[in-house]
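Visitor: Hi! Could you walk me through this model, please?
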Amino acid sequence: MPLALSALIAGILFGLGLAVSQMTNPAKVLAFLDVAGDWDPSLAVVMAGAVTVSFIAFRIAASRTAPLAGGSFDLPTRRAIDTPLVMGAMVFGVGWGLAGLCPGPALTALLSGQRKAFLFVGAMLAGMLVYRFMSRGRPDGD
Amino acid sequence: MENFTPLSALVGGLLIGLGAAVLLLGGGRIAGISGIVGGMIKRPSGDHLWRACFVVGLLIGAGAYAAFAPERFVVQFDTTAGTVAAAGLIVGYGTQLGHGCTSGHGVCGIGRLSLRSVVATVLFMATAMVTVFITRYMMGAL
């Protein structure tokens with residue numbers, strides 16, 4: 001199975017999962033993050049289900065030398081709990097809490113045709129470009 | 001907790017996990033959406049095709065569900081356009097700095113038992129919850 005086809009099928013399953021679980025709805029995500037309000041634990045169940053399958057997949061991958069598409073497994077190599085990780089996660093958390101959108105549901109929100117969805121995705125891409133620009137030339141930068 | 005939807009959350013979560021499993025075992029890649037999108041705006045390289053295929057798949061999967069059950073595909077923004085734009089910028093920057101979001105660190109990273117990802121996930125969830133608490137109960141709706 002070529003890499004592009006794997007990615008297409010994976011994307012379809014992922015997008016379907018986001019929609020079925022209603023994680024595509026920022027109001028539903030905010031209801032999980034609002035622990036002091038009328039708390040909706042659905043997101044935790046989504047994560048538990050997804051992590052369980054992903055855990056099994058990584059166990060299977062560990063016993064294989066190559067993915068079905070050929071080539072090699074391209075897995076993260078960073079191990080350190082460093083300042084960029086901590087700062088980045090916390091910055092992301094603030095943005096996630098402000099609007100209830102993380103990158104996946106931000107993309108699927110475009111399907112609603114709402115101006116705010118395009119605004120969020122445009123700003124998100126701009127934020128990514130700001131990071132690229134600022135990390136240029138740094139040895140640990142990308 | 002009358003908004004709690006455990007069954008659809010579990011089914012959706014399993015589908016998301018399955019998507020991550022297909023990309024991992026089929027293509028050898030991590031289904032981290034901020035990484036996939038971030039890689040598309042990086043310097044030109046030969047691996048843009050699979051990233052584009054994943055994003056297109058994501059839209060097909062969620063779009064198919066929206067066509068099948070439009071009443072269940074709700075994208076409700078509770079925040080002003082200004083907040084949405086700021087949140088997008090922050091999410092874009094933070095996910096690149098911290099090298100991952102809910103999918104990359106949450107679903108995949110925890111699934112491969114990466115301590116980095118566990119730390120990142122705990123941090124962005126906690127920060128998002130604090131952000132929601134501050135904006136909803138200490139500042140009023142933004």
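Visitor: What kind of model is it, and which conventions apply?
Guide: It is a predicted model, where local features need pLDDT of at least 70 and side-chain atom pairs count only at pLDDT 80 or more, while totals for chains, interfaces and linings use all residues. Residues are numbered from 1 along each chain as its sequence is written, chains are lettered from A and ligands numbered from 1 in the order in which they are written, and side-chain values use heavy atoms, leaving out hydrogens and water.

Visitor: What pLDDT does chain B average?
Guide: Chain B averages 95, and 96% of its residues score at least 70; pLDDT is the predictor's confidence in each residue, from 0 to 100. The model has an ipTM of 0.96 and a pTM of 0.96.

Visitor: And how many helices and strands does chain A have?
Guide: Chain A has six helices and zero strands, in DSSP terms (helices are H or I runs of at least four residues, strands are E runs of at least two, numbered from the N terminus). Its C-alpha trace spans about 45 × 40 × 30 Å along the principal axes.

Visitor: What about chain B?
Guide: Chain B also comes to six helices and zero strands, with its C-alpha atoms in a box of roughly 45 × 35 × 30 Å along the principal axes.

Visitor: Let's do packing. At what angle do helix 2 and helix 4 of chain A pack?
Guide: Helix 2 (residues 26-33) and helix 4 (residues 83-99) of chain A pack at about 115°, with axes 8 Å apart. Axes are lines fitted to C-alpha atoms, for helices over the stretch in contact, and angles run from 0 to 180 degrees between N-to-C directions.

Visitor: Which residues make that contact?
Guide: From helix 2 of chain A come Pro26(A), Val29(A), Leu30(A) and Leu33(A), and from helix 4 of chain A come Trp96(A), Gly97(A) and Ala99(A); contact means heavy atoms within 4.5 Å. By class there are six nonpolar, one polar and no charged residues (Ala, Val, Leu, Ile, Met, Phe, Trp, Tyr, Cys and Pro count as nonpolar, Asp, Glu, Lys and Arg as charged, and the others, Gly among them, as polar).

Visitor: How is helix 2 of chain A oriented to helix 6 of chain B?
Guide: Those two helices are roughly perpendicular to each other, packing at about 95° with axes 9 Å apart. Angles under 35 degrees count as roughly parallel, over 145 as roughly antiparallel, 65 to 115 as roughly perpendicular and the rest as oblique. The contact includes Leu30(A), Phe32(A) and Leu33(A) on one side and Met125(B) and Arg136(B) on the other.

Visitor: Where do Phe14(A) and Phe54(B) lie?
Guide: Phe14(A) is in helix 1 (residues 3-20) of chain A and Phe54(B) in helix 3 (residues 48-68) of chain B, so the pair joins two chains.
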